[in-house]
Amino acid sequence: MLKLFEKETLALESLSDEQTALDVKNLSVRLNDSLVLDNISMRIPKNKITAMIGQSGCGKSTLLSSFNRMNELHQHYAYSGEVIMDGRNIYSKKENVAKLRTQVGMVFQRPNPFPMSIYENVCFGLRIQGQSERRELDEIVEQSLRHAALWDEVKDRLFESALLLSGGQQQRLVIARALALKPEVLLLDEPTSALDPLTTLHIEELVSQLKHNCTVIIVTHNMQQAARVSDYSAFLHQGQLIEYSDSDSLFTMPEKKQTEDYITGRYG
Amino acid sequence: MAKANKKATDKEMRKSKKVILNAQQKQAVSSFTAGLSAAILLIALISLVVFIMIKGTAYFWPANVFKVTTISATSPSDTGQVFVKSSVDQAEFISALENRLETQFSGNKASMPEFEVEQPTKVYQINLLNGDEKLGVFSRLHTQSGQYEDIQRLAKIKAEVNLLQADLRSIQDEQLTVLHRKIANLDQKNVEQGAPARLHELELFDYWQSRADELSSQIEQYSIEFTDAMGNPFRVAVKNTDTLFLPNQLSLGDKFAYSASKIFAFVSESPKQASTSGGVFPALFGTVLMVLIMAIIVAPFGAMAAIYLHEYAPNNKLTSIIRICVSNMAGVPSVVYGVFGLGFFVYFLGGSIDSIFFSEALPSPTFGTPGLFWAALTMALLTLPVVIVSTEEGLRRVPEGLRAGSYALGATKIETILKTVLPIASPGIMTGVILAVARAAGEVAPLILVGAVKFAPSLPVDSDFPFLHLERQFMHLGVFIYDGAFHNQTNTQGSSMMFASCMLLLLIVFVLNLFAIIVRKRLRDRFLRL
Ligand SMILES: Nc1ncnc2c1ncn2[C@@H]1O[C@H](COP(=O)(O)OP(=O)(O)O)[C@@H](O)[C@H]1O
Ligand SMILES: [Mg+2]
């Protein structure tokens, strides 16, 4: 398999608490009374890129949305289990959900910039947090756009509408928007599926850089992509976590039959 | 038996008549029908606008004056001459007259009077200050110092009259009123009739009064003498005249200048002569003010109701019932709202307000009577469904992805609604409000019940505290037109003023809609695709 990016991996079984960004314990989720996630337990390592793969409908997005509690926007939603982050259960009653979402950023399949200027898009989360000092904002905007590898392309048009950007630029803007809040975890739900191959490569390159700032969890159903960018990979099937290990072993010598079938393209 | 038979044959006939069309023909037929109905609609719309425009502009355009001489063999009282104003040319005027006579005499040629029509050049149209108009041929000017045959002197004479009037006014304002107040003061202090102070004041009063009388009689002596079509002289006091001109001798430029001044007067003056001349300013002002207050009330309430329904209300039966009720509320006849406004707002709410806050003024009501605020409130209620429906429409246009994006950046529900959803839905809210405004500007029935009157002595805004008098009755263009149409059917001049008001109303609604479209487009450009 093609190796683009440098990787070093720790054994998942021996992760210490400091090395763990999210510790998922027996998480089950029901949407509309159908079991979408079935007793998932996994530890997601800090400052690494973890990929979620699996057929569409297997629950990847639902699992991802459990990490910032976006599932709660569904009408008929029920869950059981825990997700531990920084030593606390994010599902506890005391958790401030809005604050949690600033710590766990999310980027969606379709780029969804707000109909505002590029600058205001990046500031959106900060302004919600009550930050309004111009100098600070300027600084964070530049920094975030640099991290999202977009600065050079937009630095002269920060106050133009974000809707004028191309699809790939918009997706990077949305990433910058999430990065502006300095999240600990960044969730990417099929961030490249609406983009062309060249732009996709661009975003992949960006993603592989992001792990220096935060933990990245990326959903994709492009296996080459998962293999290229991720340190660890998890394979889900019908709401169950079938296999979870470092990407090299998962893609070269999967342990489970279902995983092998999936990555060799026998179904899905 | 026979019936059944007939039925059967009917069926057969229908069967045989049935034309079978292929798909292409069907499409041709349907597109033809659609095109036809669109064309009919367009024609109806255009003819409405053109009709109102022609009738309305005719009011401002100076009319021709014709001299009609009638000779009737049968009834001598019909014989005579008269000046007639008309906006058409001579040939058209004659044929219209012929038509009218024919209907009047039901085609009985023998008893029909003969008539001659000419277009005299020397006839003046005299516009009086009270809004009345007269037609006549100039004979001479009468002044204090004699008579003049030369109408050019009129300007000078008018200036003299103005000076005299200014004198008279200053005597009245600076002397007579002051003295009157002094004497009233003495009365209050029970000063004796024969007291020297009182005698002094009375003497002064008599002196100034006689000066004033003298001045008025001097002013009365200035008049213009005309002769009417029959040759009978009549006089018009100079102080009562506004303008006079020769309508049959106006050049095109003069006509435009005349129209412009008349349009200006129309939108800036009060109605005169029982709303057959003068302007519609109070009605225009009242309409705009009422609609503005209504918009201020309806926009936030409508938007909040829509936000509740769309963002907060659970997705259940009750919500859909509420939604159905809201859209049905738009179909309730407007007069029902008027009755509700009168019963609930005016009598109940207004009565309560009066008994709590204005009890010292009772039994004369302050808010317990129809007025501007109740009218605005009633119209707000009437237009609420429009605003709710179009706001919800706007909310529905907000892409789910943007909401999710906002939540994912740590925004709470209310922050998401205020910062992301509302700006994008604002064209919808805007559309609703403008539709509501256009509706309220043209509504009549409920307004008559809750505060619009055909003549209001004062505007609802003036220099007295608190400047905006929400409890006052007001004039409204729609009511003004309605009233005009009812009371001036026989008076062609009056109906023209009515058409002019119609045109103004149409123009207001049109401008509002245009404004709405522009604003909506700009907001949409800003918030959706560029
Ligand atoms: N709002 C919903 N109500 C009921 N079922 C849902 C809802 N959203 C998703 N699902 C179901 O949950 C399952 C997992 O969905 P999702 O997490 O989006 O899958 P993936 O992202 O892997 O394609 C699917 O079977 C889908 O049918
Ligand atoms: Mg998905």
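1. A polar contact is here a pair of N or O atoms within 3.5 Å, where, within protein, one must be able to donate a hydrogen and the other to accept it, and residues adjacent in sequence count only if both atoms are side-chain atoms. An oxygen atom of ligand 1 lies 3.4 Å from a polar backbone atom of A:Cys58, and an oxygen atom of ligand 1 is 3.1 Å from a polar backbone atom of A:Gly59. For A:Lys60, a backbone N or O atom is 2.9 Å from an oxygen atom of ligand 1.

2. This is a predicted model, in which local features need pLDDT of at least 70 and side-chain atom pairs count only at pLDDT 80 or more, while totals for chains, interfaces and linings use all residues. Residues are numbered from 1 along each chain as its sequence is written, chains are lettered from A and ligands numbered from 1 in the order in which they are written, and side-chain values use heavy atoms, with hydrogens and water left out.

3. The residues around ligand 1 (a heavy atom within 4 Å) include A:Leu31, A:Val36, A:Gln55 and A:His74. By class, the shell divides into three nonpolar, eight polar and one charged residue (Ala, Val, Leu, Ile, Met, Phe, Trp, Tyr, Cys and Pro count as nonpolar, Asp, Glu, Lys and Arg as charged, and the others, Gly among them, as polar). Its largest share, three residues, comes from helix H1 (residues 60-66) of chain A, helices being DSSP runs of H or I of at least four residues, numbered from the N terminus.

4. On chain B, a nonpolar surface patch of about 760 Å² includes B:Leu48, B:Met53, B:Phe510 and B:Ile518; accessible areas come from the Shrake-Rupley method with a 1.4 Å probe. Patch residues have over 30% relative accessible area and no salt bridge, with nonpolar side chains joined within 5 Å (a salt bridge being a side-chain nitrogen of Lys or Arg within 4 Å of a carboxyl oxygen of Asp or Glu). Helix H15 (492-527) and helix H2 (23-60) each supply at least two residues, and H15(B) gives the most, with six.

5. B:Leu48, found in helix H2 of chain B, is partly exposed at a relative accessible area of 48%, where buried means under 20%, exposed over 50%, and partly exposed in between.

6. B:His476 sits in the loop between helix H13 (445-450) and helix H14 (477-487) of chain B and counts as buried at 1% relative accessibility. A polar atom of its side chain lies 3.0 Å from the backbone nitrogen of B:Gly478.

Terms used:
Patch = residues over 30% accessible without salt bridge, like charges linked within 9 Å, V, L, I, M, F, W, Y side chains within 5 Å. Buried < 20%, exposed > 50% of the residue type's maximum accessible area, 1.4 Å probe, protein only.
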